[in-house]
Amino acid sequence: MALKKCFRQVAARANENSLVMQAIVLVGGEGTRLRPLTYGTPKPMVPIVNVPFLARTMERLYAADIRDVILAAGYMPQAIVDYFGDGSRLGLKVTYAIEETPLGTAGALKNVEEHITGPFFVLNGDILTSLDLPAMRQYHQRKGGIGTLHLIRVDDPSPFGCVVHDESGKVSAFIEKPPKGEEPTNEINAGTYLLEREILNYIPAGRKVSIEHETFPQVIAAGKALYAYTTDDYWLDLGRPEQYLAAHRDVLSGMMPLLVELGISGEGKEVLQGHPGIVPPVHAAGDVVVDASARVGPNVVLGESCSIGADAVIRESVLWDRVSVGSGAVIEHSILASRVTVGPKARVGAGSVIGHDVSVEPGATIEPGSRLGSPP
Ligand code: GTP
């Protein structure tokens, strides 16, 4: 009897395990378009409303009942390892595969073949989306192909990878960055895949391989079915500074649901509530100091230990931790990385990106669109 019970328990566990799936998050890119921010912080660790972006992705995976996460890293991996460790703090098992030279979006998967036990999600590490992963998993199970690709519709598909499919969802072609006006569809590859382990047989080992350019076209040519899963979810590729600012606007307005309170929010709420110069939405970490005569907002995020001097004005900008803004300084539509100092009466023009530890001289004018900061 006891033995029977034991078998039942093992069977139940095996059943659970067959539902459990792994996720591989691609976090090995250099994030060149986000420089100088990515000189000091790898792109997956860039904060979104004061929490590293990758931690937000991990939360989504946890919510989708995925507990086994492989991070395919390469550029500045230590910052990632230091933050997530073995994942137990988040209730996850995190394994790292660190590429000495970038293996590309498919090579990174082949590189972790020994850790992959069944169907697995692949997430580009720089996509902010409200995609419902369990719903995609159900769709994949229903369709039964070798892989399912999340697609979204965009107004201008030309900078993206267009994916052509038939009415059943079966993919027939990938057209990367088609010339404007010649796009075959407005549905693009949104950077989340659910793949069967078998797809690894189509990826050569030991060299750089792109999943978009090589593997997917080869899989189709071999007669294997890839299915498109097109949704109307929120979707943003965080690759460029303008998109990074747009992501903050969308989170602060509630358009992208990220469980961030709207209005005046964050641990710094008590400091800011009742402050005459705050124009919501503004999100502030704890221990920010904002002078009573400063004006902050709308769409501003202040990181931990930021201090904002008298008469300073900050609009539509994201300040990471320990940024100090002198009296009378003006910052608009810009991103300031950790420990930036902006001297009194300096002006930071719209579209500027200022890297870690940079000091802007008192009274200086930073031209719109400037990028300040150099590799360490
Ligand atoms: P840019 O240099 O600004 O283009 O950014 P990126 O290096 O992140 O490249 P891209 O945006 O095309 O990459 C999409 C996703 O794939 C990102 O999450 C990258 O971290 C990841 N990625 C790109 N190339 C590699 C690679 O060779 N290995 C791994 N493990 N991940 C990669």
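This is a predicted model: local features need pLDDT of at least 70, side-chain atom pairs count only at pLDDT 80 or more; totals for chains, interfaces and linings use all residues.

Modeller: Residues are numbered from 1 along each chain as its sequence is written, and side-chain values use heavy atoms, with hydrogens and water left out.

Colleague: Which element gives the largest share of the lining of the largest pocket?

Modeller: A pocket is an open set of points on a 1 Å grid over the protein atoms alone, where a 1.4 Å probe fits, with protein on both sides within 12 Å along at least five of seven lines; lining residues have an atom within 4 Å of a point. Of the 40 lining residues, those closest to the centre are Arg33, Thr105, Asn124, Asp126 and Glu212. Elements giving two or more residues include α5 (104–110) and α7 (211–221); helices are DSSP runs of H or I, at least four residues, and strands runs of E, at least two, numbered from the N terminus. The largest share, four residues, comes from β11.

Colleague: Between which domains does the second largest pocket lie?

Modeller: Its lining has 24 residues, with Pro47, Asn50, Val51, Pro52 and Asp321 nearest the centre. At least two residues each come from β3 (51–52) and α4 (77–84). Domain bounds come from an automatic or database domain assignment. Both domains give residues to the lining, so the pocket lies between domain 1 (3–253) and domain 2 (264–372).
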